[in-house]
Amino acid sequence: MPDTSDNAREPLPATTPLMLVVGLGLPYGLVIGGFVLFEHVDGVVFGFPPAVAWLFACMLLVPCCMAAAWWLGHARAD
């Protein structure tokens with residue numbers, strides 16, 4: 001006999017378009033887009049050219065995007 005209980009749920013897909021955009025598209029855009037934008041900017045940020053400083057900042061921003069994508073997946077599963 002099939003399970004007809006009220007708490008039977010349909011399986012969720014592993015990823016959603018929003019998770020892909022936040023987890024892959026946004027970090028890609030941050031790293032590549034920021035580097036292209038700051039490549040020809042003169043000056044220094046903490047002793048580094050702006051493009052290099054942006055890449056250092058992306059070392060913190062990219063894991064934040066990954067954490068947000070992970071959170072979106074778990075929030076959807078609950």
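Which residues of α1 are buried?

**Before you start.** This is a predicted model, in which local features need pLDDT of at least 70 and side-chain atom pairs count only at pLDDT 80 or more, while totals for chains, interfaces and linings use all residues. Residues are numbered from 1 along each chain as its sequence is written, and side-chain values use heavy atoms, leaving out hydrogens and water.

**Show the whole protein.** You will find two helices and zero strands; helices (H or I, at least four residues) and strands (E, at least two) are DSSP runs, numbered from the N terminus. Of the 78 residues, 17% count as buried, where buried means under 20% relative accessible area, exposed over 50%, and partly exposed in between (1.4 Å probe, protein chains only).

**Select α1, residues 17–38.** Here is the reply to the opening question: Met 19, Val 22, Gly 23, Pro 27, Leu 30 and Gly 34 are the buried residues of α1.

**Zoom to Gly 25.** Helix α1 has a kink of about 35 degrees at Gly 25, shortly before the proline Pro 27. The bend at a residue is the angle between axes fitted to the seven residues ending there and the seven starting there.

**Now pick Val 21.** This residue also sits in α1, and Val 21 is exposed, at 52% relative accessible area. Leaving aside neighbours within four places in sequence, Val 21 is in contact (heavy atoms within 4.5 Å) with Leu 26 and Pro 27.

**Finish at Ala 69.** The C-alpha atoms of Val 21 and Ala 69 are separated by 8.5 Å, and these residues are 48 apart along the chain.
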